[in-house]
Amino acid sequence: MNVLEVKGLEASIGGSRILRGVEFVVPPKSVFCLMGRNGVGKTSTLKSLVGLLGTNGGSMVLDGKPLNGLSPEDRARMGIGYVPQGREIFPHLTVQENLVIGTVARGMKLNGQLDRIYTLFPIIKEFLPRKGGMLSGGQQQQLAIARALLTKPKLLILDEPTEGIQPNIIDQIGDAIKMLREEGEMSILLVEQYLDFCKELGDNFAILERGSVAAAGAMKELSDQMIKEFLTV
Ligand SMILES: Nc1ncnc2c1ncn2[C@@H]1O[C@H](COP(=O)(O)OP(=O)(O)OP(=O)(O)O)[C@@H](O)[C@H]1O
């Protein structure tokens with residue numbers, strides 16, 4: 001069974017149609033890259049999936065269960081982990097507090113999961129007592145991913161994790177995604193403009209163009225022609 005199936009997704013903002021029948025599926029144990037130029041509807045697709053943007057058509061099914069109409073909290077409980085663009089960590093809370101806040105709010109037990117997080121992102125262990133706002137952008141991104149992982153999602157959704165981040169931390173985030181993929185406990189839906197990052201990590205892709213999927217397939221099928229037509233600015 002696919003982890004996620006999106007069919008005919010429609011959404012409007014302020015009267016203009018932003019999503020026009022978006023369709024794609026995310027298979028188990030895989031990394032899926034949702035690509036496309038600025039303003040084509042990538043973030044809106046993610047927001048629809050997590051329940052932050054209302055849809056007016058189509059269906060979203062996580063692990064066989066429909067998501068339409070459910071609150072963001074319910075969707076999180078069903079297994080959606082979401083790291084929004086801009087990360088949204090709490091600057092005045094410590095790294096430790098930021099890390100556990102989602103699990104504490106849901107009454108989940110951590111049972112040794114923190115060790116796995118520290119293996120993925122060693123910097124987090126080192127910086128536990130610091131205020132979140134003192135971390136660099138890249139470190140905050142790692143913290144936001146770690147926080148989402150602690151909720152044990154079936155689908156981890158990352159919106160442009162490399163945006164504005166220094167190259168060595170991009171590499172560490174890439175390594176973490178690879179490790180998660182190898183562990184095979186979740187699939188990852190990645191919105192990303194950094195093409196090489198997608199090519200290296202993605203199993204499958206879909207490219208959006210004006211609110212619908214213009215091209216899709218296995219990552220090895222992403223052609224220079226598609227890149228030129230749909231991705232190059
Ligand atoms: N709050 C809003 N009010 C009006 N229009 C919006 C709003 N949010 C998004 N849009 C419009 O919806 C379209 C899709 O935006 P979206 O953010 O989903 O695109 P994107 O592909 O994620 O682009 P980016 O890479 O720039 O984030 C754009 O044309 C954008 O201008």
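Strand β3, residues 31-35, pairs with strand β8, residues 187-191, in the parallel sense. Four bridges join the two. Within this pair, Cys33 stands opposite Leu190 of β8. The model is predicted.

Both strands belong to an open sheet of six strands. Its order is β6-β7-β8-β3-β9-β10, and the pairing is mixed. β6 (80-83) and β10 (212-218) are the edge strands, each pairing on one side only. Direction ignored, neighbouring strands of the sheet are turned by 15° against each other on average. In general, strands of a sheet pair through backbone hydrogen bonds, either parallel or antiparallel.

Two helices meet this sheet. α1 lies across β3, β6, β7, β8 and β9. Helix α9 packs on the sheet and touches β3, β9 and β10. The table gives their directions.

| Helix | Residues | Strand for the angle | Angle |
|---|---|---|---|
| α9 | 224-231 | β9 | about 35° |

How enclosed is α1 by the rest of the structure? Seven of its nine residues are buried, so α1 is largely enclosed. The buried residues are Lys42, Ser44, Thr45, Leu46, Lys47, Ser48 and Leu49. Just after α1, Gly51 takes a positive phi of about 95°.

The largest nonpolar core has 62 residues. Leu34, Ala146, Leu155, Ile157, Ile188, Leu189 and Leu190 touch the most other members. Helix α6 (residues 137-150) supplies the largest share of this core, seven residues. In soluble globular proteins, nonpolar side chains tend to be buried together.

Which residues does Ile188 contact, leaving aside neighbours within four places in sequence? Its contacts are Val31, Leu156, Leu158, Ile177, Leu180 and Arg181.

In β8, Leu190 stands opposite Cys33.

Conventions. Residues numbered from 1 in each chain as written. Predicted model: local features only at pLDDT ≥ 70, side-chain atom pairs only at ≥ 80, totals over all residues. Pairing = 2+ DSSP bridges. Axes fitted to C-alpha atoms, helices over the stretch in contact; angles between N-to-C directions. Contact = placed C-beta atoms within 7 Å. Core = buried A, V, L, I, M, F, W, Y, C linked by C-beta atoms within 7 Å. Buried ≥ 20, exposed ≤ 12 C-beta atoms within 10 Å, placed from the backbone.
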